[in-house]
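Grab a pencil and work through these exercises with the model open beside you. Try each task before you read its solution.

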Amino acid sequence: MILVMPMVKAVLKIPNMSCKHCVMRITKAIERVGAKGEVTLEEKKAVVEFDPGKVTLDDIINAIKRYGYEVEIGEGGC
Ligand SMILES: [Cu+2]
């Protein structure tokens with residue numbers, strides 16, 4: 001029997017992102033760990049979607065932090 005894990009969505013606040021390059025860098029960091037992310041500069045946040053059987057929210061947060069960004073879990077996080 002195959003168990004299909006539902007995708008988990010979380011909102012991450014990234015207060016020190018400042019330009020389009022930050023958006024690209026953060027988007028790539030999220031994709032590199034195997035998650036999907038929609039990053040918005042105006043709101044300084046990233047809405048991430050991931051399979052909890054493969055990736056954890058910590059993995060995603062650490063991947064973003066590695067680039068020097070601050071990350072806070074926003075509403076909708078776990
Ligand atoms: Cu930037």
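## Exercise 1: the sheet

Four strands make an open sheet in the order β2-β3-β1-β4, and their pairing is antiparallel. The edge strands are β2 (36-40) and β4 (72-73), each of which pairs on one side only. Before you start: this is a predicted model, where local features need pLDDT of at least 70, side-chain atom pairs count only at pLDDT 80 or more, and totals for chains, interfaces and linings use all residues. Residues are numbered from 1 along each chain as its sequence is written.

**Task.** Find how many bridges β1 and β3 share, and which residue of β3 is the bridge partner of L12.

**Solution.** 
- Step 1: Strands (E, at least two residues) and helices (H or I, at least four) are DSSP runs numbered from the N terminus, and two strands pair if DSSP finds at least two bridges between them.
- Step 2: look at β1 and β3. They pair in the antiparallel sense over six bridges, and A46 is the β3 partner of L12.
- Step 3: turn to the other neighbour. β1 (residues 8-13) pairs with β4 over two bridges, again in the antiparallel sense. Here L12 stands opposite I73, and K13 has E72 as its bridge partner.

## Exercise 2: an edge strand and its hairpin

**Solution.** 
- Step 1: recall the rule. In a regular strand, side chains alternate between the two faces of the sheet.
- Step 2: A residue is buried if 20 or more other C-beta atoms (placed from the backbone) lie within 10 Å of its own, exposed if 12 or fewer do, and partly exposed in between.
- Step 3: follow the chain into β3. β2 and β3 pair in the antiparallel sense over five bridges, with T40 opposite K45.
- Step 4: check the turn. The hairpin has four residues between the strands. K44 lies in this loop and has a positive phi of about 50°, although it is not a glycine. K44 counts as partly exposed because 19 other C-beta atoms lie within 10 Å.

## Exercise 3: the helices

**Task.** At what angle do α1 and α2 pack, and how far apart are their axes?

**Solution.** 
- Step 1: know your axes. They are lines fitted to C-alpha atoms, for helices over the stretch in contact, and angles run from 0 to 180 degrees between N-to-C directions.
- Step 2: read off the pair. α1 and α2 (residues 57-65) pack at about 140°, with their axes 9 Å apart. That makes α1 oblique to α2, since under 35 degrees is roughly parallel, over 145 roughly antiparallel, 65 to 115 roughly perpendicular and the rest oblique.
- Step 3: list who touches. I26, A29, I30 and R32 of α1 meet I60, A63 and I64 of α2; a contact needs C-beta atoms, placed from the backbone, within 7 Å.
- Step 4: α1 (residues 20-32) lies across β2 and β3 (45-50), at about 165° to β2.

## Exercise 4: the whole chain

**Task.** In what order do the elements run from the N terminus?

**Solution.** 
- Step 1: count. The protein chain has two helices and four strands.
- Step 2: order them. They run β-α-β-β-α-β.
- Step 3: look at burial. Of the 78 residues, 26% count as buried.

Note on methods. Contact = placed C-beta atoms within 7 Å.
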